[in-house]
Every structure is written in structure tokens, then in C-alpha cells.
Amino acid sequence: MDEMINHLTSAARPTAALVRDLREEELPLPTPCAEYDVRGLLTHMEWVAETFETMAARQPRPEQGEYAGDFPDRIERTLTAWSKPQAWEGETPFGMPMAAAAHLLLIDLVVHGWDLARATGRPYAQDAGAVEEALGFAEQMAPMGRAQGAFADEVVVRADAPALDRLLGLTGRDPGWTAPITD
């Protein structure tokens with residue numbers, strides 16, 4: 001539990017910092033997640049943070065709301081909820097061990113942080129241990145993730161590519177993605 005909380009915290013920090021630095025005019029920018037612009041991705045991320053907070057507290061899953069602009073606060077509450085030992089006990093309402101659910105949150109933080117960085121042209125440095133942990137879990141569950149719509153079709157990357165690039169490829173992202181140039 002402690003190691004995983006450290007990975008979650010390490011992954012949340014650079015992602016929350018990216019969100020804090022966003023400007024209003026960046027919200028309509030496209031992201032590597034084809035279905036989301038930056039505002040839509042942030043809305044999804046806020047809902048994911050709230051969902052995992054309520055999951056850890058064994059509360060009902062929230063409905064996705066409108067963009068609130070409070071992802072950094074939500075992810076802090078989520079980390080606080082997961083820092084309690086009882087959050088790791090048992091299974092999610094859909095039958096997944098809580099430790100596996102925490103790995104899904106880790107993947108979400110790492111990958112969506114990269115999505116935001118790419119969409120806005122900002123640098124993105126993620127903790128190597130968090131990336132390796134996310135990659136190891138993604139390698140195990142990618143087929144199920146694709147079958148359930150959580151991951152897009154795999155983008156093939158070199159076997160010796162950096163761990164972040166391999167994680168991105170497994171989740172259906174092209175590590176070379178750049179925002180379209182607009183006039």
C-alpha cells in the first residue's frame with residue numbers, strides 16, 4: 001500500500017501542476033484523446049478523481065458533472081482517501097481488487113498528464129517508478145482495457161522505447177503526437 005500511495009502521489013503532482021498552469025484559452029485545444037479537447041479531458045479527470053475518492057470510501061459512484069476547474073483539489077482528496085488502509089481492502093463494486101483499481105488510477109494520472117502536456121505544448125516529467133508501475137500493470141490488463149473501452153487500439157512502439165512511450169502505446173496513444181497547427 002505505501003509504495004503504491006507513493007506512486008500515486010508522484011504521478012499526481014506533475015499532472016496537478018499542469019492543470020494549475022492552464023489558461024482559459026487552452027481549454028478548447030485538441031488532445032491525444034480524440035474524444036476530448038482540454039476542457040473535456042479535465043472534466044473527465046475531475047470525475048475520475050471523484051470516482052476513486054468515493055470508491056476508497058465505499059460510497060456510491062458519482063455522476064460526471066460539468067467542468068469545475070478543481071482537479072488539483074479533487075486529486076488531493078482522492079490521495080487522502082487512498083492513504084487509509086481500509087481503502088485497499090476488498091473489491092470495487094464491479095468486482096476488481098482495490099489494489100488493481102489503484103493501478104488504474106495511476107495509469108490515468110500518468111497518461112492524462114501526458115495528454116495535457118502534449119495538448120498545451122508543455123514539458124512533462126513523470127516519476128520513473130510511477131511510470132514503470134503503471135506500465136507493468138497496463139501490460140497485464142491491456143486486452144481487457146481495450147475490450148472495455150478504457151484503452152484505444154495499441155500503437156506499436158519499439159520494445160526498447162522509454163517506459164512512458166511503451167505505456168502510451170499500450171493505452172492507444174502515439175508518443176509522437178503533436179497538436180495540429182492552426183492559423
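Modeller: Let's start with rings: those of Phe, Tyr and Trp (its six-membered ring) pair if their centres lie within 6.5 Å, and the pair is stacked with planes under 30 degrees apart, edge-to-face over 60, and tilted for the rest. This is a predicted model, in which local features need pLDDT of at least 70 and side-chain atom pairs count only at pLDDT 80 or more, while totals for chains, interfaces and linings use all residues. Residues are numbered from 1 along each chain as its sequence is written, and side-chain values use heavy atoms, with hydrogens and water left out.

Colleague: Thanks! Why is the pair of Phe52 and Trp82 called tilted?

Modeller: Their centres are 6.5 Å apart and their planes 40° apart.

Colleague: Which helices hold Phe52 and Trp82?

Modeller: Phe52 lies in helix H2 and Trp82 in helix H3, so this pair ties together parts 30 residues apart in sequence. Helices here are DSSP runs (H or I, at least four residues), as strands are (E, at least two), numbered from the N terminus.

Colleague: How do you know whether Glu26 is buried or exposed?

Modeller: Buried means under 20% relative accessible area, exposed over 50%, and partly exposed in between (1.4 Å probe, protein chains only). Glu26 has 4%, so it counts as buried. Arg23, at 44%, counts as partly exposed.

Colleague: Why do you say that Glu26 forms a salt bridge with Arg23?

Modeller: A salt bridge needs a side-chain nitrogen of Lys or Arg within 4 Å of a carboxyl oxygen of Asp or Glu. Here the closest N and O atoms are 3.6 Å apart, so the pair qualifies. The structure holds ten salt bridges.

Colleague: What makes H6 largely enclosed?

Modeller: Six of its eight residues are buried, so the rest of the structure largely encloses H6. Those six are Ala163, Leu164, Leu167, Leu168, Gly169 and Leu170. H4 and H5 are among what covers them.

Colleague: Which residues touch the most other members of the largest nonpolar core?

Modeller: They are Leu8 and Trp82, in a core of 59 residues. H4 gives the most to this core, with 14 residues. The term means a set of buried Ala, Val, Leu, Ile, Met, Phe, Trp, Tyr and Cys residues joined through side-chain atoms within 4.5 Å.

Colleague: What is Leu8 in contact with, leaving aside its neighbours within four places in sequence?

Modeller: Leu8 has Leu79, Ala102, Leu105, Leu106 and Leu109 as contacts, which means that each has heavy atoms within 4.5 Å of those of Leu8.
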